[in-house]
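Here is a short briefing for a reader new to this structure. Please keep the sequence and the 3D view open while reading.

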Amino acid sequence: MRPTIACLSLAALGLGSLGAHAENYIVLYGGSAVPGTAVKTIQKAGGALVHAYPQIGVVLARSDNAAFAGTLRTLDRTIEGVSATSRFASRVDGALESTADAVTESTPVAWGTEPLSGLQWDMVQIGVPAAHAVSGGSPSIVVGNLDSGIDFTHPDLAPNVDFANSVSCISGAPDPNPAAWDDDNGHGTHTAGTIAAAANGIGIVGVAPNVRLAAVKVGNADGYIFPEAAICGFVWAGDRRLNVTNNSYFVDPWLFNCRNDPEQRAIWKAIRRAISYAISKGVVVVASLGNTNHDLSKTNIDTISPDFPPGSAQEREVTNACSVIPVEVPGVIGVSANGNLLQKAYYSSYGVGVTQLVAPGGDRRFQLTAAAPNGRVLSTYPAKFFSGGPLFVQDSGAVYAYLQGTSMAAPHVAGVAALVLSERQLPAGAVTGVLNSTATPLPCPENPFDPGPPFGAFVATCAGGDGYNGFYGHGQVDAHRAVTAVH
């Protein structure tokens with residue numbers, strides 16, 4: 001039997017015969033369909049198929065032919081766009097810094113029994129202890145963590161890792177081998193712990209400690225996320241009907257992806273299709289706003305893109321024709337970050353129409369308190385990256401690290417969404433409604449907001465009222481109110 005486009009092997013397509021300088025290409029077809037002639041056309045243009053996503057009309061191809069994109073568009077007029085991706089990548093937005101199916105019943109969890117729970121100011125701030133008295137979540141709920149993978153050997157994560165739904169998407173094609181989706185960066189393990197570190201008497205506890213975690217690896221060892229990996233990850237989440245996805249990153253080619261730029265358009269539209277596909281399958285998509293202190297609702301100056309290869313950034317003005325992906329895709333829950341003083345974290349991006357909720361991401365400069373003496377958020381971390389120092393904590397041989405960023409904020413919201421779904425099966429839009437309506441409103445500070453001297457570069461302007469504004473959206477996510485609203 002002749003194989004379909006989606007299951008042709010790379011070897012069968014002659015991928016190994018390509019030169020060392022071959023690049024990956026996103027091929028976007030019109031009408032969200034991939035024609036049956038796609039393989040032959042790609043080969044005729046001097047390329048090979050890596051993977052096809054007929055669900056969204058996108059193909060990932062590879063070629064060492066410099067004329068590949070132009071030739072392919074000439075050969076097939078149903079193609080909307082072809083964009084190379086190999087020289088473009090974004091980075092996850094939180095990192096270690098120097099000290100400079102079938103529904104099963106959800107069960108409550110006793111707060112304070114984990115040895116390090118006293119260090120989790122972030123959980124107290126959003127009402128997790130009270131929420132756990134109602135529910136710790138259900139193992140029928142699966143949260144896909146689109147990140148750098150998960151350390152599935154970490155004692156606080158191992159009980160909840162869902163091997164059947166975990167995958168590496170680094171190549172653009174799904175690879176379910178656990179060795180492929182193991183965390184070789186640390187970022188994914190940290191966000192995973194905030195979502196669902198187990199209540200097992202070790203270390204910390206996550207927002208939803210009884211739910212399962214699917215590692216969907218889209219970030220490589222250096223923390224870069226290429227567009228083909230993000231597309232693969234969202235289609236995987238949709239096909240597997242994962243309940244929630246956490247996305248603590250932005251997807252390149254640029255921080256802002258511009259639909260009116262011919263080089264970016266195909267990638268911009270392909271990723272949007274993949275996200276929309278996941279949402280159409282009932283996936284609740286949560287994403288961080290980013291750490292550049294940009295007002296995403298305004299015209300901005302982008303000075304950090306493209307950030308791969310290093311040193312290639314160029315300053316440019318971006319308008320509302322440009323957006324940060326995934327957070328600015330319709331239907332995505334955008335999360336900004338605050339600290340223990342309930343102020344916008346100095347680094348957190350924001351914006352009316354983009355920010356839905358705020359959650360603890362930490363603030364090491366301006367929001368140091370007795371509960372948060374270093375300002376950062378503590379969560380699980382791979383032992384292989386342990387290097388000692390005040391940003392690491394150990395318990396029972398397991399390693400935990402303090403990080404800050406909107407990357408740390410988003411998984412709090414993903415965890416609360418998982419608690420809500422553990423109590424009641426709801427469409428993705430209804431989950432968003434519950435989270436928004438039960439959030440604790442936070443008013444705009446006095447404008448212009450200056451987190452404190454001498455960092456005037458972080459001055460920002462908050463637009464909106466007490467019920468909704470660009471800094472905090474509908475307010476700080478409240479785990480207890482959200483769970484009791486649907487319990």
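This is a predicted model: local features need pLDDT of at least 70, side-chain atom pairs count only at pLDDT 80 or more; totals for chains, interfaces and linings use all residues.

**Helix H7**

- H7 covers residues 227–239.
- From its first C-alpha to its last, H7 reaches 18 Å, close to the 18 Å expected at 1.5 Å a residue.
- Just after H7 comes Arg 241, which takes a positive phi of about 50°.

**Disulfides**

- How many disulfides does a search of the whole structure find? The search finds two.
- The link of Cys 169 and Cys 232 is left-handed, with -60° about the S-S bond.
- Both Cys 169 and Cys 232 are buried.
- The other disulfide joins Cys 444 to Cys 462, with 2.0 Å from S to S.
- With -65° about its S-S bond, the link of Cys 444 and Cys 462 is left-handed. Cys 444 and Cys 462 are 18 residues apart, and each lies in the loop between helix H10 (428–438) and helix H11 (479–486).
- Is Cys 444 buried or partly exposed? Cys 444 counts as partly exposed, because its relative accessibility is 22% and buried means under 20%.
- Cys 462 has 5% relative accessibility, so it counts as buried.

- Why is strand E20 (residues 398–403) described as largely enclosed by the rest of the structure? Six of its six residues are buried, so the strand is largely enclosed.
- In a regular strand the side chains alternate between the two faces of the sheet.
- Both faces of E20 are covered. On one side Ala 398, Tyr 400 and Tyr 402 are buried; on the other, Val 399, Ala 401 and Leu 403 are buried.
- E20 pairs with strand E18 (residues 377–381) in the antiparallel sense, over five bridges. Here Tyr 381 has Val 399 of E20 as its bridge partner.
- E20 also runs antiparallel to strand E19 (residues 392–395), joined by four bridges. Asp 395 stands opposite Ala 398 in E20.
- The hairpin of E19 and E20 has two residues between the strands. In this hairpin, Ser 396 takes a positive phi near 55°.

**The four-stranded sheet**

- Four strands form an open sheet with antiparallel pairing, in the order E2-E3-E1-E4.
- Strand E2 (47–53) and strand E4 (79–84) stand at the edges. Each has a single partner strand, so one side of each is left without a neighbour in the sheet.
- On average, neighbouring strands of this sheet are turned by 25° against each other, direction ignored.
- Six bridges link strand E1 (residues 23–29) and strand E3 (residues 58–63), which pair in the antiparallel sense. Asn 24 has Arg 62 in E3 as its bridge partner.
- Helix H2 (residues 68–75) lies across E1, E2, E3 and E4. H2 runs at about 170° to E4.

Technical notes
Residues are numbered from 1 along each chain as its sequence is written. Side-chain values use heavy atoms; hydrogens and water are left out. Buried means under 20% relative accessible area, exposed over 50%, partly exposed in between (1.4 Å probe, protein chains only). Two strands pair if DSSP finds at least two bridges between them. The expected span of a helix is 1.5 Å times one less than its number of residues. A disulfide is a pair of cysteine sulfur atoms within 2.5 Å. Axes are lines fitted to C-alpha atoms, for helices over the stretch in contact, and angles run from 0 to 180 degrees between N-to-C directions. Contact means heavy atoms within 4.5 Å.
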